[in-house]
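I opened this entry to keep track of what I looked up, in the order I looked it up. The notes start with a term and then go to the chain.

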Amino acid sequence: MSTRPTLAAVAARAGVSPSTASLAFADSPRVAPATRERVLAAAAELGYAGPDPLAASLRRGRSGVVGAFIGERLLYAFRDPVALQLLDGISEVLSAHDVGLLLLAGDVGRPSTSQIARIPLDAAIFATCGLEDDPALELLRARGVPIVAVEGPAVEGVAMVDIDDRGGTRDLARHLHELGHRRVEVIAMPLRLDGTCGPVTPQRRARAHYRDVRHRIEGVEDVFGPVPIYETPSNAVDEGAAAARVLLDVPAERRPTAIIAQSDVLAAGVLRAASELGLHVPDDLSVAGFDGAELHWLAPTRLTTVVQPSEEKGKVAARAAMELVEGGDPTMVMLPVELRIGTTSGRAPSSDRSAPR
């Protein structure tokens, strides 16, 4: 029977010591290029694929893997343009450090707590806003895994990369207020991932929920005071459309003149529902979102929205993770957002402009 080739056999074939052969595979600058080529040629002749990565990681004390926790099912990460941009930014930075990215679902499909306790991770990034009471958070902290939070969870000892959700939404609400809108309603992303759908009650709001959702609600209330909020079970176009049908398929005097959706994806669903109901945007209804996502299929419509630097947010989070791995202590980062006025916001119908706040 043929035996598996070993590093020692490769070293002997190349005429170097096993330690030099190991350094050659690690692409160490301590090995001359000609020597490295000789080692790799010997490995190819013997059919040796390289040192055992598990053994190498044990020697280094690192796995070479950073975990990214996604707020919903992994399918969400590949459908949501903002999540894609964020993960692209994370991946770009980690690749430059020769570190891999492991995606971990936050809903259906997440590994069990016992599995999370065993997964070898150099660091973890809560990539799409985590919850303070997420069991994975305490497990990782107990293991001493460095953690970076993107907009949450806000926990002592966890590095934070944030955006001004509240301030950006406040600017958006102020824009609609200046256009005369007073009957305004919010279509919110999930407060928690439990499938809840419908009007948000005080009891529902009182529960711990995602910081970005909370802050975007507060930004609207800074301008309009309390407004009706309709929660969706998932951040998806279909869910935005379903929520909008509930809010818009009512007599005109009860219909909002403006809907603020907490994401551009939800706002795209609102536009679809408005069209199905024969409402003209922005003459009958103003629609606004949040994210600045690239939704080319909406053209020529340009969504009024708050633009956030999604890819840069991912890059900053990954840099913070690598800084933690190296023993550093990254400071909290607050990235700017910007109001972008498009074609979906306009003057409120005259009957609404004189309505009380």
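Before reading any strand pairing, I noted the term: two strands pair if DSSP finds at least two bridges between them. The model I am reading is a predicted one.

**Entry: pairing around β4.** I looked up β3 and β4 first. Strand β3 (residues 123-126) and β4 run parallel and are joined by three bridges. Within this pair, Ile125 is the residue opposite Val148 in β4.

**Entry: side chains of β4.** Which residues of strand β4 (residues 147-150) point one way, and which the other way? I found Ile147 and Ala149 on one side and Val148 and Val150 on the other, and all are buried. In a regular strand the side chains alternate between the two faces of the sheet.

**Entry: the whole sheet.** I widened the view to the sheet. It is open and has six strands in the order β2-β1-β3-β4-β5-β12, with parallel pairing. At the edges I found β2 (100-104) and β12, each of which pairs on one side only. From one strand to the next the twist averages 20 degrees. I also looked at β1 beside β3: the two pair in the parallel sense over four bridges. Phe69 has Phe126 in β3 as its bridge partner.

**Entry: helix α14.** Next I took helix α14 (residues 310-325), which has 16 residues. From first C-alpha to last it reaches 23 Å, close to the 22 Å expected at 1.5 Å a residue. How many of the residues of α14 are buried? I read twelve of its 16, and the helix is mostly covered. Among them are Lys313, Lys315, Val316, Met322 and Leu324. The cover over the buried residues of α14 includes β1 (65-69), α6 (81-96), β3, β4, β5 and β12 (333-335). I checked how the helix is placed: α14 lies across β1, β3, β4, β5 and β12, and runs at about 165 degrees to β4. After α14 comes Gly327, with a positive phi near 95 degrees.

**Entry: Ala252.** I looked for Ala252 and found this residue in the loop between α12 (237-248) and β9 (258-261). Between Ala252 and Tyr210 I read 42 residues in sequence and 33 Å in space, C-alpha to C-alpha.

**Entry: the protein as a whole.** Last, I collected the overall values. The protein has 15 helices and 13 strands. The domain division gives domain 1 (7-51), domain 2 (65-163 + 310-338) and domain 3 (165-308). The centres of domain 1 and domain 3, taken over C-alpha atoms, are 60 Å apart. The C-alpha trace spans about 90 × 40 × 40 Å along its principal axes. Of the 357 residues, 50% are buried. For contacts with a separation of 6 or more, I noted that 72% are between residues 24 or more positions apart.

Definitions and conventions: Residues numbered from 1 in each chain as written. Predicted model: local features only at pLDDT ≥ 70, side-chain atom pairs only at ≥ 80, totals over all residues. Heavy atoms only, no water. Buried < 20%, exposed > 50% of the residue type's maximum accessible area, 1.4 Å probe, protein only. Expected span 1.5 Å × (residues − 1). Contact = heavy atoms within 4.5 Å. Domains from an automatic or database assignment. Axes fitted to C-alpha atoms, helices over the stretch in contact; angles between N-to-C directions.
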